[in-house]
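Reader: I have a model open and would like to talk through its side chains with you. Could we take it topic by topic?

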Amino acid sequence: MNGYSEIEREKANLINATSISLEQLEKSKNETLYFEKQRAMNQVRQRVFQQAIQGALGTLNSCLNTELHFRTIRANIGILGSLEWKR
């Protein structure tokens with residue numbers, strides 16, 4: 001009878017240890033999922049930000065190129081105008 005109760009106690013201890021291990025594993029899994037979700041969200045934010053910056057840079061370059069084009073035309077008109085007055 002004494003050996004049987006020892007076996008039952010060991011069995012209960014193993015069940016308890018297994019239960020604790022499963023709880024810890026579940027907690028670790030949930031923490032990992034949370035951090036992976038945060039990492040994915042940060043990557044999306046970073047990509048959106050990079051695309052927004054690239055779009056703004058493209059718009060800015062386009063505006064600057066247009067302004068430079070207009071200034072060049074005005075300068076050429078000014079040069080041509082001064083050449084006509086000299087004749």
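**Charged pairs and surface**

Author: Let me begin with glutamate 67, which is partly exposed because its relative accessible area is 33%, where partly exposed is the range between buried (under 20% relative accessible area) and exposed (over 50%), with a 1.4 Å probe and protein chains only. This is a predicted model, in which local features need pLDDT of at least 70 and side-chain atom pairs count only at pLDDT 80 or more, while totals for chains, interfaces and linings use all residues. Residues are numbered from 1 along each chain as its sequence is written, and side-chain values use heavy atoms, with hydrogens and water left out.

Reader: OK, and which side chain meets glutamate 67 in a salt bridge?

Author: That is arginine 74, with 3.5 Å from N to O; a salt bridge here is a side-chain nitrogen of Lys or Arg within 4 Å of a carboxyl oxygen of Asp or Glu. Glu67 and Arg74 are also linked with Arg71 in a network of salt bridges.

Reader: How many salt bridges does the structure hold?

Author: The structure holds 5 salt bridges, and one of them joins arginine 39 to glutamate 36 at 2.8 Å, N to O. Another is formed by lysine 29 with glutamate 26, whose closest N and O atoms are 3.3 Å apart.

Reader: Why are lysine 29 and glutamate 26 separated by about one helical turn?

Author: Because they are 3 residues apart in helix H1, a helix being a DSSP run (H or I, at least four residues) numbered from the N terminus. Arginine 39 and glutamate 36 are likewise separated by about one helical turn, because they too are 3 residues apart in helix H1.

Reader: And how accessible is arginine 39?

Author: Arginine 39 has 45% relative accessibility, so it counts as partly exposed, and glutamate 36 is partly exposed with a relative accessible area of 39%.

Reader: Switching topic, which residues make the nonpolar surface patch?

Author: Leu57, Leu60 and Leu64 make it, with an area of about 290 Å²; such patches take residues with over 30% relative accessible area and no salt bridge, and nonpolar side chains (Val, Leu, Ile, Met, Phe, Trp, Tyr) are joined within 5 Å, like charges within 9 Å. Leucine 57 lies in helix H1, residues 2-86, and counts as partly exposed because its relative accessibility is 47%.

Reader: Last one: how far apart are alanine 52 and threonine 72 in space?

Author: They are 30 Å apart, C-alpha to C-alpha, and 20 residues apart in sequence; alanine 52 lies in helix H1.

Definitions and conventions. Accessible areas come from the Shrake-Rupley method with a 1.4 Å probe; for residues, only the protein chains shown count as cover. Helices (H or I, at least four residues) and strands (E, at least two) are DSSP runs, numbered from the N terminus.
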